[in-house]
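Student: I have a model open and want to go through how its parts pack. Can you take my questions as they come?

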Amino acid sequence: MIRLFVALALPEDVRRRLEMLRGGIPGARWQSAEQMHLTLRFIGEVDGAAFREIMDALADIEAEAFTLSLEGVGHFPPRGRVRILWAGVAHSPALLRLQERTEAVITGLGHAPDGRNYAPHVTLARFASRVSQHRLQEFMSFHGLFGSGPFPVRSFELFSSHLGAGGAHYEVEARYPLVTQPLGDDDE
């Protein structure tokens, strides 16, 4: 069995900027720069045949390359015990279209729909126990205006996730280039 998800790999400079946000909240399990990505669809554990089927089906997705920006910070859930601290994503119709196409491919292969509204974000930290609300609010106030600036998105990736004592390790299993020319442009 292999644990899979579809995501956007972030450029190294963006991951380094996100990494600089780490700190100031006791008990947080901060993501390393290598762990930071923007999930399009978590798939879960599949066998080898399903893995190959998913890998092949994702290659059929056609979407245009686009520019993306990260902005702001927040947490999940918005009320109650905080479990995840994240960096937000500026509104991007192109990102939402890519996510919808990814969801359609995965559910088309017989995998259950995600069932949650898609909320694009980059996980910064996870919390196993109750977090200090005072420290959380300080973090939110200090980093609330965070912005990455625009960066190009030229591909999306199929990742495998390997859980270990030091946290999750992610490996790119396949990379799918996005179209750099507008789709449907048949002038020739």
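Student: What does helix α3 lie across?

Tutor: Helix α3, residues 93-108, lies across β1, β3 and β9. Its direction is at about 5 degrees to β3. Axes here are lines fitted to C-alpha atoms, for helices over the stretch in contact, and angles run from 0 to 180 degrees between N-to-C directions. Contact means heavy atoms within 4.5 Å.

Student: And what kind of model is it?

Tutor: It is a predicted model, where local features need pLDDT of at least 70, side-chain atom pairs count only at pLDDT 80 or more, and totals for chains, interfaces and linings use all residues. Residues are numbered from 1 along each chain as its sequence is written, and side-chain values use heavy atoms, with hydrogens and water left out.

Student: In what order do the strands of the sheet with β1 run?

Tutor: The order is β3-β1-β9-β10, an open sheet of four strands with antiparallel pairing. β3 (37-46) and β10 (167-177) are at the edges with a single partner strand each, so one side of each has no neighbour in the sheet. From one strand to the next the twist averages 25 degrees. Helices (H or I, at least four residues) and strands (E, at least two) are DSSP runs, numbered from the N terminus; two strands pair if DSSP finds at least two bridges between them.

Student: How many bridges between β1 and β3?

Tutor: Eight, in the antiparallel sense, with β1 covering residues 2-9. L8 has L38 in β3 as its bridge partner.

Student: Which strands does α2 touch?

Tutor: Helix α2 (residues 48-58) packs on that sheet and touches β1, β3, β9 (155-164) and β10. The direction of α2 makes about 45 degrees with that of β10.

Student: Other topic. What is the strand order in the sheet with β7?

Tutor: That open sheet has four strands in the order β2-β7-β6-β5, with antiparallel pairing. β2 and β5 (70-76) are the edge strands, each pairing on one side only. The twist averages 30 degrees from one strand to the next.

Student: Why is β7 called largely enclosed?

Tutor: Because five of the seven residues of β7 (residues 121-127) are buried, meaning under 20% relative accessible area, with exposed over 50% and partly exposed in between (1.4 Å probe, protein chains only).

Student: What stands opposite W30?

Tutor: A125 in β7. β2 (residues 28-30) is joined to β7 by three bridges. On β6 (residues 84-89), which pairs with β7 over five bridges, L85 has A125 as its bridge partner.
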